[in-house]
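Please have the sequence and the model open while I talk.

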Amino acid sequence: DSLLSGLLGNAWLLDPTVNLVRDNPCLTEFIASVLALPEPSASILSFTLRLAGILAASENRFQHLQQEKLLVRLFGRDGPLNSAVWEDASVRSGWVEGVHSMMHHQPALHFLCDGGGIDVIFTLQGDPSLFVASAASQLLVHMLTLSVESETTKPLSTKDCDWPACAQMIIKRIEDSLQSSSASHIEQSLKLLTSLFGSCRATWTEVLWLGIAKQIESFLTEETVQAQHMLANLLLNMAWSPVFCDTEGSFWALVTSALEHLTPVQAGPLAVGILRLYKCPQDVRIQALTVLLQPMDCILRAASQPLEYAGLLDESVSDPITVESLLSSKSSCASLLCQTLAHLEELLSLIRLPVDLPYTSLLRFLMTILQFCNGFLSPASPLGSMISRILINCFRVQRSALDVLAALSERKGCDTLIGSLFDVLLAYLESPNTSPTVLKKTFQATSKWLVRLQELSCSNSQWQQTEKILQDVFLVLQKRLCSPCWEVRDSSLEFLTVLIKCLRDQDEFRQSLLSSEVPRLTENLLEDPESYVRASAVTAVGHLAFITYFAPESPVIGNQYNKENTVAKLQEILSTDPEGFPRRAVISIFTKWLRQGCTGQLEDTEQFVSRVIQTVEHDLDWEVRLGGLELVEAFCSQTICQLGLPKCPYAPVSSAVTSSIHQNESLQIFCRAKLFSFLFQSLCDCDKPVGQRACDILLGLRGHFYPISTLKDSQGTGDSPAGRGVAWLQRTLRQGSLAQNFPTDAGNGVDFQDPESMMLALGTIDLEELHDELNKSSDHVEKSPQSLLQDILATVGTIEENEADCY
């Protein structure tokens with residue numbers, strides 16, 4: 001496998017102008033020697049078949065191999081087809097791949113068709129190896145397309161004589177399979193046609209279709225043929241093809257018939273696929289929507305009480321009894337509902353819907369399903385009672401319904417039911433029977449609908465309803481933050497973080513949050529025994545700070561919240577937490593605070609950043625070190641902008657004198673904060689992403705401090721102590737010393753806190769060369785011919801010892 005992959009990576013092998021086989025007789029000698037073996041191993045024979053196919057992709061090389069009678073011994077009747085080694089799937093796979101590789105010209109096509117290869121490939125469609133079966137089907141599609149497109153000189157008709165000979169053979173086999181009594185043969189041909197219509201958009205596909213359309217249509221009505229489940233994908237692939245979607249004829253009539261005759265489970269994928277099409281007759285689109293809404297209609301009718309809302313469809317495409325029987329069966333109810341819900345979520349995810357969904361009815365349907373699942377709905381109808389018993393505590397349906405509910409929050413038209421919706425959501429949030437997974441989904445849906453509720457209350461002044469719902473949500477959240485289950489505590493913290501991100505600017509939200517116990521409980525979870533929970537608590541506390549500490553007019557009075565204590569707790573986690581997740585969360589929050597200008601005046605920020613990076617540079621987690629570099633990058637950008645350097649896009653243009661003063665000031669700030677020590681140390685980090693980010697930051701800083709015209713050894717290193725230190729630094733970086741061996745003191749003559757030395761280093765060290773080296777992929781070593789040769793030589797005589805390394 002490694003050898004063949006290496007050979008494929010060389011363009012000269014695929015170049016038809018190169019006389020590769022004539023100039024390298026060792027290739028034909030190798031193939032002949034393998035064929036001469038009495039019992040070649042399956043792996044060697046498979047390799048040889050694939051190699052021969054690649055060589056024969058060029059017509060002149062094909063002819064040469066033919067003259068040597070090698071191809072017929074590999075791919076003909078006298079080849080491995082009739083040997084014991086054919087029982088090995090790798091040999092059959094190599095045969096199919098080899099044939100596929102050579103199918104680029106007519107001589108190869110005729111060689112296979114005349115030698116009985118078509119029969120072999122059709123047999124391999126039913127191979128016990130799914131990989132071989134799939135490859136055989138794809139090969140037939142490729143051969144049919146090659147035959148028609150390379151051997152046809154005029155537009156095709158339905159008459160057999162107009163098809164090229166190879167195409168006729170394949171089409172005849174397809175027709176015979178479709179008319180046979182073998183279910184497996186019918187399925188194989190339907191798969192082949194599905195692949196063909198999905199990949200080929202040529203007009204001749206319509207000619208092929210006209211010859212088999214009646215037979216395929218009969219599969220919808222013949223109960224003895226169990227091929228209906230294959231038809232949805234076939235018709236969908238055809239519907240996406242411009243050859244069929246632009247027609248007004250029999251194709252759309254067949255789609256309509258399929259929607260009517262297929263079972264609800266089979267028709268669902270076809271319906272949602274049709275609804276995604278923009279070029280589709282309106283009556284077909286309406287029918288597809290009706291198929292999709294039938295389970296929804298049945299649920300609403302089953303759950304309705306007298307004189308209440310009942311259903312949404314005036315008429316059904318298929319018999320409603322069929323859907324009712326599926327929903328009243330324990331084995332099929334959940335599966336049908338999950339499929340329907342998945343299709344609805346797929347449609348709601350589209351930016352532009354080609355069809356109008358009944359959003360209010362859809363929301364009512366989702367609420368009904370969720371109430372069935374938690375036992376809060378006791379319908380009067382026998383069907384409703386049966387469905388409620390089946391769905392009680394059905395996690396699959398609950399999760400699917402909550403996903404659709406979250407997606408529905410972005411659509412307009414459900415405002416009248418929003419109060420009832422929150423009753424359902426709160427019931428799930430409060431219930432001890434709600435599983436942690438379902439609770440997480442409920443939190444996600446609740447956060448989306450709270451944002452929607454806030455938008456509504458701003459527009460129609462429903463402040464009291466919003467305030468009551470928020471109070472109820474925070475009461476539930478208080479209980480969930482104290483749950484003995486760590487997954488529940490973790491989900492609760494994630495939910496709180498999302499709410500703060502979306503709603504922190506709303507007065508009602510801030511007041512409801514701060515009047516609850518949620519902030520205190522959240523800070524307590526910084527000491528949770530579970531590292532995932534601690535990480536989520538860090539993130540939640542970090543976002544909570546935007547309300548408690550950093551808001552322009554914080555509503556907090558007194559010493560209930562202490563900014564210094566919180567920062568100290570987070571810094572302690574960064575330096576002492578044994579797990580990486582909480583430490584990553586802390587550095588991420590610190591960076592977010594810095595970017596939003598929440599760390600105080602410039603002097604305070606300088607000290608803050610300096611303390612953080614001195615902690616981070618010794619962290620064993622590379623993602624924490626990378627987070628430290630992101631903090632440094634944000635600090636540099638913020639400092640430059642605040643000092644008004646002209647290189648900053650937000651700063652006013654100043655005079656040359658002012659610019660020089662500001663540059664010097666910012667350089668001194670960076671040196672005092674010990675940024676350069678961290679950056680140059682990170683350049684030699686043993687984890688490449690850290691070095692890449694450090695190099696990017698240094699290149700950005702050099703762009704600020706040096707005009708392009710004065711760059712590149714403008715100052716020279718000279719004999720000064722600073723110059724000698726920079727020369728040592730440059731040698732060290734070229735050697736790529738590991739971070740743990742990188743000296744950060746002045747013992748080698750470099751002072752990372754000296755502005756002159758750092759200015760000299762930025763102007764002297766070839767950062768571009770370092771950048772290219774850090775960004776160079778290992779492929780230039782691992783995929784070179786030399787590396788491939790070393791792999792081959794390494795296996796000689798010691799295959800067992802080196803086989804894994806070679807692979």
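**Helix α17 and its surroundings**

I begin with a meeting of two helices, where L235, M238 and A239 in α15 meet F251, W252, L254, V255 and A258 in α17. Please keep in mind throughout that this is a predicted model. Two packed helices are described by the angle between their axes and the distance between the axes. For α15 and α17 that angle is about 145 degrees, and the axes lie 11 Å apart, while the crossing of α15 past α17 is left-handed.

Helix α17 itself runs over residues 250-261, and its 12 residues reach 16 Å from the first C-alpha to the last, which is close to the 16 Å expected at 1.5 Å a residue.

Is K279 buried or exposed? K279 is exposed, with a relative accessible area of 54%. K279 and D246 are 33 residues apart along the chain, and their C-alpha atoms are separated by 7.2 Å.

**The chain as a whole**

Let me step back to the whole chain. The protein chain has 44 helices and 0 strands, and buried residues make up 52% of its 807 residues. Of the contacts in the chain with a separation of 6 or more, 70% are accounted for by residues 24 or more positions apart. As for the surface, the chain exposes about 37700 Å², and carbon and sulfur atoms supply 51% of that area.

How many salt bridges does the structure hold? The structure holds 25 salt bridges, and I will go through some of them with their positions in the chain.

In one of them R452 pairs with D415, the closest N and O atoms being 3.1 Å apart. This pair links distant parts of the chain, with R452 in helix α26 (residues 436-460) and D415 in the loop between α24 (395-408) and α25 (418-430), 37 residues apart. R452 is buried, at a relative accessible area of 7%, whereas D415 counts as partly exposed, at 33% relative accessibility. The pair also belongs to a network of salt bridges that links D415, R452 and E455.

Another salt bridge joins the side chains of R672 and E606, at 2.9 Å from N to O. Here too the pair links distant parts of the chain, 66 residues apart, with R672 in helix α36 (residues 656-672) and E606 in helix α34 (residues 602-616). R672 is partly exposed, with a relative accessible area of 45%, while E606 is buried, with a relative accessible area of 11%.

A further salt bridge is formed where the side chains of D685 and R625 meet, at 2.7 Å from N to O. D685 lies in the loop between α37 (675-683) and α38 (688-705), and R625 lies in helix α35 (residues 622-642), so the pair ties together parts that are 60 residues apart in sequence. D685 is buried, with a relative accessible area of 11%, and R625 is buried as well, with a relative accessible area of 8%.

**Two last stops**

Finally, where does K501 lie? K501 lies in helix α28 (residues 486-503), and K501 is exposed, with a relative accessible area of 54%. Between K501 and A540 there are 39 residues of separation in sequence and 9.8 Å in space, taken from C-alpha to C-alpha.

Key:
Residues numbered from 1 in each chain as written. Predicted model: local features only at pLDDT ≥ 70, side-chain atom pairs only at ≥ 80, totals over all residues. Heavy atoms only, no water. Helix = DSSP H or I, 4+ residues; strand = E, 2+ residues; numbered from the N terminus. Buried < 20%, exposed > 50% of the residue type's maximum accessible area, 1.4 Å probe, protein only. Contact = heavy atoms within 4.5 Å. Areas by Shrake-Rupley, 256 points an atom, 1.4 Å probe, with all protein chains shown as cover. Expected span 1.5 Å × (residues − 1). Salt bridge = Lys/Arg side-chain N within 4 Å of Asp/Glu carboxyl O. Axes fitted to C-alpha atoms, helices over the stretch in contact; angles between N-to-C directions. Left-handed = near helix turned anticlockwise from the far one by under 90°.
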